[in-house]
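Dear colleague,

Please find below the structure for your review. My notes on the ligand site follow it.

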Amino acid sequence: MSLPDKAFPVSWDQFHRDARALAWRLAGLDQTFKAIVCITRGGLVPAAIISRELNIRLIETVCVASYHDYVNQGDMVLLKGIAPELQENGGEGVLVVDDLTDTGKTAAQVRTMLPKAHFACVYAKPKGVPTVDTFITEVSQDTWIYFPWDMGFTYQEPIAKGAR
Ligand SMILES: O=P(O)(O)OC[C@H]1O[C@H](OP(=O)(O)OP(=O)(O)O)[C@H](O)[C@@H]1O
Ligand SMILES: [Mg+2]
């Protein structure tokens, strides 16, 4: 796959604001969560913000990777699974957190491990929307989201000269 047409750059400020908005949305649910399972690595950052806001102190990771070279998705590799006690009752009462859902493959894979957990992410693309329960901002499928932890300061072409 080539780089998607549109760029959606996210600053640290904006990510903090959007992750906090996700925490507000989750706080409004008729449900309390006993633990967070964050999907590394991208889920680590919103998980830190949500755990602080919702006072959830039991944090587990599920370590999966599938984008091995920037924009191209390959095979899903499970590097570390979830503690058995959190998988009891299908993961009922567990909140799964990720930064985004794109094709939905990552969320679908983790759902097989925690079918009754609540899945939340900050950003979603249309193909991924059915795989999560709560998200904040939807962007189109032909958009690439640039997260602040992947970025540095560089010169930007003016729009008139072909900026993306
Ligand atoms: O919905 P999908 O198409 O499966 O894509 C979404 C996943 O892709 C990214 O993770 P990645 O596998 O790149 O690993 P990372 O979190 O370590 O960057 C992102 O953090 C999501 O977890
Ligand atoms: Mg990820």
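In this predicted model, a polar side-chain atom of Asp99 lies 2.6 Å from an oxygen atom of ligand 1. The side chain of Arg41 also has an N or O atom 2.6 Å from an oxygen atom of the ligand. For Thr103, the corresponding distance between a side-chain N or O atom and an oxygen atom of ligand 1 is 2.5 Å. Ligand 1 on its own would expose 500 Å², of which the protein buries 88%. The ligand sits in the largest pocket.

As to the surroundings, 16 residues make up the shell of ligand 1, and the closest are Arg41, Tyr67, Asp98, Thr103 and Thr106. By class, eight of the shell residues are polar, five are charged and three are nonpolar.

Which elements each supply at least two residues of this shell? They are strand E3 (59-69), strand E5 (94-101) and helix H4 (105-113). E5 gives the largest share, with four residues. Thr103 is placed in the loop between E5 and H4.

Finally, I compared the site with the database record. The unreviewed UniProt entry carries a "binding site" annotation that covers Asp102, Thr103, Gly104, Lys105, Thr106, Trp144 and Ile145. Of these annotated residues, Thr106 is included in the lining of the largest cavity.

With kind regards

Definitions and conventions: Residues are numbered from 1 along each chain as its sequence is written. Chains are lettered from A and ligands numbered from 1 in the order in which they are written. This is a predicted model: local features need pLDDT of at least 70, side-chain atom pairs count only at pLDDT 80 or more; totals for chains, interfaces and linings use all residues. Side-chain values use heavy atoms; hydrogens and water are left out. A residue is near a molecule or strand if one of its heavy atoms lies within 4 Å of it. A polar contact is a pair of N or O atoms within 3.5 Å; within protein, one must be able to donate a hydrogen and the other to accept it, and residues adjacent in sequence count only if both atoms are side-chain atoms. Accessible areas come from the Shrake-Rupley method with a 1.4 Å probe; for residues, only the protein chains shown count as cover. On a 1 Å grid over the protein atoms alone, a cavity is a set of points where a 1.4 Å probe fits but cannot get out, and a pocket is an open set with protein on both sides within 12 Å along at least five of seven lines; lining residues have an atom within 4 Å of a point. A molecule sits in a cavity or pocket if more than half of its atoms lie within 2 Å of its grid points. Ala, Val, Leu, Ile, Met, Phe, Trp, Tyr, Cys and Pro count as nonpolar, Asp, Glu, Lys and Arg as charged, and the others, Gly among them, as polar. UniProt positions are given in the numbering used here, feature names are shortened, and annotations may be inferred rather than shown by experiment.
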